[in-house]
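Have a look at the model first, then walk through the points below.

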Amino acid sequence: MSSHITRLGLISAMHQEQAGLIEIMQDTEKSHRGMRDYVSGKLWGIDTVCVLSRMGKVAAAATAATLIERFGVTHILFTGVAGAAENELRVGDIVVADALVQHDMNTMPLFPQYEVPLLGLSHFSSDKSLTDRLAQAAADFVTHDAADMISEEDRASFQLASPRVFRGLIASGDEFVHRQERRDALKAAFPPLLALEMEGAAVAQVCFEFGVPFAVIRTISDSANESAPLDFMQFIERVASRYAFGVVKRLCVQG
Ligand code: ADE
């Protein structure tokens, strides 16, 4: 896999997870395909195509395939928020995926649970080189930038004193997890699981099938329990875009 990013595809599910990046892109050109706006241009000198996929695996897969086939991206980065699946994780921590799995894939008894039929795989590994660079960018963001980029009021109300960066397994499914019992069941199904979201593993499968290196970064917005809906809405409105902007800036500038 090439570690040089010739053309980056940058996907987020929702506007609040990417806000600010499109606005500072240079030499932009917008095209509308399949109900999505693809904005091409330069992001800190890197040729980039930004797009909002909307929520869920189908939406994310269609968007990733369009980025690859129509816009010729050489790498894909998904940035957004996730629910914590591990007790140690707190709102504001960052998870960088080493691997992703579709927790709602189940064609038993035809194939083993979680395995993508006819692909013979359940877990998709992210690109090591891009993921290493992303984890470094995230670590630099939390150490050097987060305090300046997030207001004191928001840091206090979300208790973002010292966010940490974790690496590991993320699970995706067409489900907003908002019950402790469900979250515990998913954690029991995948003991190393760190975070739950709704798109990453779909992008991972498309990138695997097309041979395109990809990485996924998620900021924890909630604990995938009964308070998740409110925590999620507040976090994406007030904080999520600051993380995405800061980490992507570090990634592009550090090269
Ligand atoms: N994205 C952010 N929080 C989530 C949750 N609790 N479940 C699924 N996706 C999420």
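Strand β3 (residues 36–43) is mostly covered, with six of its eight residues buried; buried means under 20% relative accessible area, exposed over 50% and partly exposed in between, using a 1.4 Å probe and protein chains only. Strands (E, at least two residues) and helices (H or I, at least four) are DSSP runs numbered from the N terminus. This is a predicted model, where local features need pLDDT of at least 70, side-chain atom pairs count only at pLDDT 80 or more, and totals for chains, interfaces and linings use all residues. Residues are numbered from 1 along each chain as its sequence is written, and side-chain values use heavy atoms, leaving out hydrogens and water.

**β2 with β3**
- Strand β2 (residues 26–33) runs antiparallel to β3, and six bridges join them; two strands pair if DSSP finds at least two bridges between them.
- Y38 in β3 is the bridge partner of S31.
- Two residues lie between β2 and β3 in their hairpin, and G34 in the turn has a positive phi of about 50°.

**β3 with β4**
- β3 is also joined to strand β4 (residues 46–52) by five bridges, again in an antiparallel arrangement.
- Opposite L43 stands I46 in β4.
- The hairpin of β3 and β4 has two residues between the strands, and W44 takes a positive phi near 45° there.

**D145 in helix α3**
- D145 sits in helix α3 (residues 128–149).
- D145 has a relative accessible area of 16%, so it counts as buried.
- Leaving aside residues up to four places away in sequence, D145 touches D140, G246 and R250, where contact means heavy atoms within 4.5 Å.
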